[in-house]
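Please keep the sequence and the structure in view while reading.

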Amino acid sequence: MKRSSVDRLFVMGLLCAGALACGSDGSNDDDGVADDGAEAIVAEITAMKCATCHTVDGKGGHFIGTVDGIREMIGKPSKGAPEWNLIEPGNAEDSYVMIKIVPDDPRRVGDVMPKGKIGLTDGEIQRMRDWINGLDASK
């Protein structure tokens, strides 16, 4: 296994262990976001794959390398395709973030993300999809 893969697995393991140690029971808080550790893993994925451009001052428009950053995208319209919410709670299929990262989605406006870099793995895309589908759409 390559060094970066080992580092990534180590960080993800720490995040999961931290979520378990904090007594996470997988339930939703008042904000509709599940406390099962998935959100921290999604934040780690976006920190590794997206945050080089999507920073507070970056050209990407949304700071998404943190839990707070990805939470701010929930229910917000995309700037590039305002008919789509960046993250549509409970509906990964219609979330613009997913449209942008899935290489063969015909609904995408512009380039697949991350632009000019190695894309997300199938496993990372599935983790993002699972997290979005697990969000409470009624909140």
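Along the sequence, the pattern of this predicted model is α-α-α-α-α. The secondary structure amounts to five helices and zero strands.

Some values for the protein as a whole are set out below.

| Item | Value |
|---|---|
| Residues counted as buried | 35% of the 139 residues |
| Contacts joining residues at least 24 apart, among those between residues at least 6 apart in sequence | 46% |

**Helix α5**

Helix α5 covers residues 122-134, which is 13 residues. From its first C-alpha to its last, α5 reaches 18 Å, close to the 18 Å expected at 1.5 Å a residue. Which residues of α5 are buried? They are Glu124, Ile125, Met128, Trp131 and Ile132. Seen down the axis of α5, these buried residues fall within an arc of 125°, so they line one face of the helix.

**Ser78**

Ser78 is found in the loop between α3 (67-71) and α4 (96-101). Is Ser78 buried or exposed? Its relative accessible area is 6%, and buried means under 20%, so Ser78 is buried. The side chain of Ser78 reaches the backbone nitrogen of Ala81 at 3.1 Å. With neighbours within four places in sequence left aside, Ser78 is in contact with Trp84, Asn85, Leu86 and Tyr96.

Methods. Residues are numbered from 1 along each chain as its sequence is written. This is a predicted model: local features need pLDDT of at least 70, side-chain atom pairs count only at pLDDT 80 or more; totals for chains, interfaces and linings use all residues. Side-chain values use heavy atoms; hydrogens and water are left out. Helices (H or I, at least four residues) and strands (E, at least two) are DSSP runs, numbered from the N terminus. Buried means under 20% relative accessible area, exposed over 50%, partly exposed in between (1.4 Å probe, protein chains only). A polar contact is a pair of N or O atoms within 3.5 Å; within protein, one must be able to donate a hydrogen and the other to accept it, and residues adjacent in sequence count only if both atoms are side-chain atoms. Contact means heavy atoms within 4.5 Å. The expected span of a helix is 1.5 Å times one less than its number of residues. The arc is that of the directions from the helix axis to the C-beta atoms.
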